[in-house]
Amino acid sequence: MMRTLFRSRPAEVTAMAAVAASQAGFAVMHLTQYEAVDAVAVPVSAYALTWPGIVLFPASVLSLALACAILAGRGIGLAREGLARFLLGATAVMLVAAAVFRTGTPETGLTPGAQIHRYSAGAAFVLLTVVAGLCAARMKEAKAPDWVRRGTWGATWLAALMFVTTALNTFLPDLAGGGDWRGIPQRVLLVALSALVWILVANSSRATIRVPAAAPEVVPALAGARS
């Protein structure tokens, strides 16, 4: 019953709308909070500290979590996707934690809640990047459309590169002055992974529900009964 619900057309539309709503929320935050948040030097989570990001940031993160949860339930359209679906479910959980727990401020520092936010957000990025690699490696076998295969591979390589850059800029901020521009790769990573989720939702429509056909012996039996 739940699998049928997840594979329904309304579930697909909801997942796509959730990705779009997530990106729209982040776009609005960038446009309205450009004076309070330096998009080049400051992580995306800093938008949650001022208005309207106080509301839009968790809403945008939860929207992406919803899309990942629906994908975990409906499947991606691959023959062997159990691990990918599990990782998508785990990603949704990590994103919920990142939305519930806020990042720290210069005054408060890394509070326990801020640390939960940091590592749950990082875990979500890692899990989605792994999902991207798993799916990209199997798209050809699944005979996915060219744009799906290329998009998945592109998102995989871009996400992996941006994640490594973001990690270096966070934990080794003096390396190449990465601490001064650490906001850029994080935002590119977010866009790449959001695009990945959208592509996977679009490809998931290929995972149709198979309805068992009527047994072949039923027809002759009915014909004999009528005669």
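This is a predicted model: local features need pLDDT of at least 70, side-chain atom pairs count only at pLDDT 80 or more; totals for chains, interfaces and linings use all residues.
**Ground rules.** I number residues from 1 along each chain as its sequence is written, and my side-chain values use heavy atoms, with hydrogens and water left out.

**Overall make-up.** I looked up the secondary structure and found eight helices and zero strands, where helices are DSSP runs of H or I of at least four residues and strands are runs of E of at least two, numbered from the N terminus. From the N terminus on, the elements therefore read α-α-α-α-α-α-α-α. I then noted that 43% of the 227 residues count as buried, that is, under 20% relative accessible area with a 1.4 Å probe and protein chains only. The exposed surface comes to about 12,000 Å², of which carbon and sulfur atoms supply 70%, by the Shrake-Rupley method with a 1.4 Å probe. For contacts (heavy atoms within 4.5 Å) between residues at least 6 apart in sequence, I recorded that 73% join residues at least 24 apart.

**Helices α5 and α6.** I turned next to α5 (residues 112-139) and α6 (residues 146-171), which pack at an angle of about 150° with their axes 9 Å apart; the axes are lines fitted to C-alpha atoms over the stretch in contact, and angles run from 0 to 180 degrees between N-to-C directions. That angle makes α5 roughly antiparallel to α6, a label given to angles over 145 degrees. Among the residues that meet, I listed Phe125, Val126 and Met139 from α5, and Trp153, Phe163 and Phe171 from α6. By class, this contact has 13 nonpolar, six polar and two charged residues, with Ala, Val, Leu, Ile, Met, Phe, Trp, Tyr, Cys and Pro taken as nonpolar, Asp, Glu, Lys and Arg as charged, and the others, Gly among them, as polar.

Most residues other than glycine have a negative phi, and most peptide bonds are trans. I found a cis peptide bond between Trp51 and Pro52, with omega about 0°, and placed Pro52 in the loop between α2 (9-32) and α3 (53-74). Lys143, in the loop between α5 and α6, has a positive phi near 55° and is exposed (over 50% relative accessible area) at 71%. Ala176, in the loop between α6 and α7 (183-204), also has a positive phi near 55° and counts as exposed at 65%.

Conventions:
Angles under 35 degrees count as roughly parallel, over 145 as roughly antiparallel, 65 to 115 as roughly perpendicular and the rest as oblique.
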